[in-house]
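Visitor: Please take one part of this model and go through it closely. Keep it brisk.

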Amino acid sequence: MNPCLCKQSSDKFQSYEDVECYLNQLGMFHMDLGLNRMEKAKKDLGLHLTCPVIHVVGTNGKGSTATFLHSIALAHGFRAGIFTSPHFVTPLERIKMNDRLLPKAAWASLATQAVQAVPDLTYFELLTVMSVMAFMFSEPDVLIYEAGLGAKSDATTAIPADIVVFTPIDLDHTNILGNTIKDIAEDKSYAIREGVKAVITAPQKKEVEEILRKRAKELRIPFYDFSSLSDMPSLVHLMENGELQYELGLKGKHQFDNAQTALLAWYVLSVQIKRCVETKAFAEGLYNAFIPGRFQQVKRKNDMPCLILDGAHNVHSLTSLVNTLEYEKICPSAIIFSCLKDKEPQKMVALLEDFLAKQKNELPVIITEIQNNERAMQQEDLIKLFNCKTVQCKDLDEVLDKLPAMIDEKNKDNPVVICGSLFLLSEYFKRFPEKLQLSY
């Protein structure tokens with residue numbers, strides 16, 4: 001019998017592996033909307049946080065903005081925790097303190113306490129509760145929480161926050177959050193709640209900003225956007241006299257707004273808690289920021305070409321990837337692509353083909369299929385959407401094994417781009433976990 005299937009929620013977990021089995025049994029994508037279970041967990045487990053909490057909400061750029069904030073906090077000498085999602089290989093990736101993973105030894109005890117108090121916690125709720133419990137005993141100076149999906153029913157919204165940061169809001173998860181951008185913005189606006197001391201937003205579409213401003217005004221919470229920078233010292237400005245003032249560890253012009261949002265949020269927090277900000281710390285924090293799978297460049301090894309790993313998983317993020325390739329003047333030698341069928345694959349393919357049409361060299365698009373995922377676009381259906389040259393491989397393992405032979409000799413020094421889905425990158429990281437650069 002599979003030991004994962006016989007673990008009962010009332011049992012004590014004996015190891016991290018027990019917890020991971022239980023999480024797999026719950027199912028990462030199983031949702032049961034509502035915050036009642038989180039509220040019960042807060043009450044029964046006495047969950048509370050005594051340090052400032054920054055809640056990062058949005059559609060695109062959440063992970064990058066949260067990572068910039070975490071890195072800036074560390075550069076200022078803060079003990080900083082961060083909670084993010086999803087993960088590539090292991091749930092361990094989601095909870096970090098001072099950029100180090102929560103030790104495996106702590107997972108069994110935390111999960112046992114959480115599940116015994118509230119047996120019906122969902123996958124995401126359980127991890128959220130465990131993160132709060134872990135941070136309660138870690139003596140952090142600041143915490144950064146990345147929202148999962150939406151805000152109104154997202155487990156992270158049950159955690160009191162001092163500052164709410166909005167990254168760009170766009171159409172995504174329309175089957176859950178609503179069919180229009182206004183519906184989605186309305187859901188995410190519920191992150192603006194009692195106890196919040198400031199709201200910071202990246203540039204938004206007009207209808208989105210109106211909804212966020214309205215809710216902040218109703219709750220009498222100060223609202224800051226990029227126009228607020230005119231009242232702030234120059235060290236908070238990413239751009240100075242038209243020049244980039246700080247070098248970013250995360251590449252791409254789209255990261256400029258994420259970094260600027262983080263600088264703005266950190267300055268507002270610093271004023272609130274009466275702590276100084278430092279140009280040197282801003283520079284160090286922005287430069288040291290790293291997330292696997294965000295225009296991550298992997299150097300050549302043996303006969304394997306250089307790689308660019310990017311989890312561009314929807315139209316917005318794929319547009320950012322294409323713009324970054326053009327901005328960095330990178331012409332790939334090949335593109336490895338797969339995507340989910342609920343992420344507008346026709347539009348994603350059109351974006352790729354527009355980019356390919358601008359390249360001087362014809363390069364192959366290598367189509368594979370994401371494994372063991374019911375949302376994955378079927379390979380034969382995906383190939384039909386392309387008009388350009390495509391090569392078919394059954395899975396990423398076959399792609400990587402045959403990749404050197406599929407690249408034209410004259411393009412061999414150009415990188416290969418892997419993109420289209422976080423799940424596709426997950427398959428790569430399972431094969432090469434060291435590229436996650438995790439610290440224990």
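**A close look**

Guide: Gly77 follows helix α3 and has a positive phi, near 85°. The model is predicted, so local features need pLDDT of at least 70 and side-chain atom pairs pLDDT 80 or more, while totals for chains, interfaces and linings use all residues. Residues are numbered from 1 along each chain as its sequence is written, and side-chain values use heavy atoms, without hydrogens or water.

Helices here are DSSP runs of H or I with at least four residues, strands are runs of E with at least two, and both are numbered from the N terminus. Helix α3 covers residues 62-75, 14 residues in total. From first C-alpha to last it reaches 20 Å, close to the expected 20 Å. That expectation is 1.5 Å times one less than the number of residues. Of its 14 residues, 13 are buried, so α3 is largely enclosed by the rest of the structure. Buried means under 20% relative accessible area, exposed over 50%, and partly exposed in between, with a 1.4 Å probe and protein chains only.

Now strand β1, residues 53-57. Here 5 of the 5 residues are buried, so β1 too is largely enclosed by the rest of the structure. In a regular strand, side chains alternate between the two faces of the sheet. Val53, His55 and Val57 point one way from β1; Ile54 and Val56 point the other way.

Next, the neighbours. Strands pair if DSSP finds at least two bridges between them. β1 runs parallel to β5 (residues 142-146), joined by 4 bridges. Val56 stands opposite Glu146 there. β1 also runs parallel to β6 (residues 163-166), again with 4 bridges. Val57 has Phe166 of β6 as its bridge partner.
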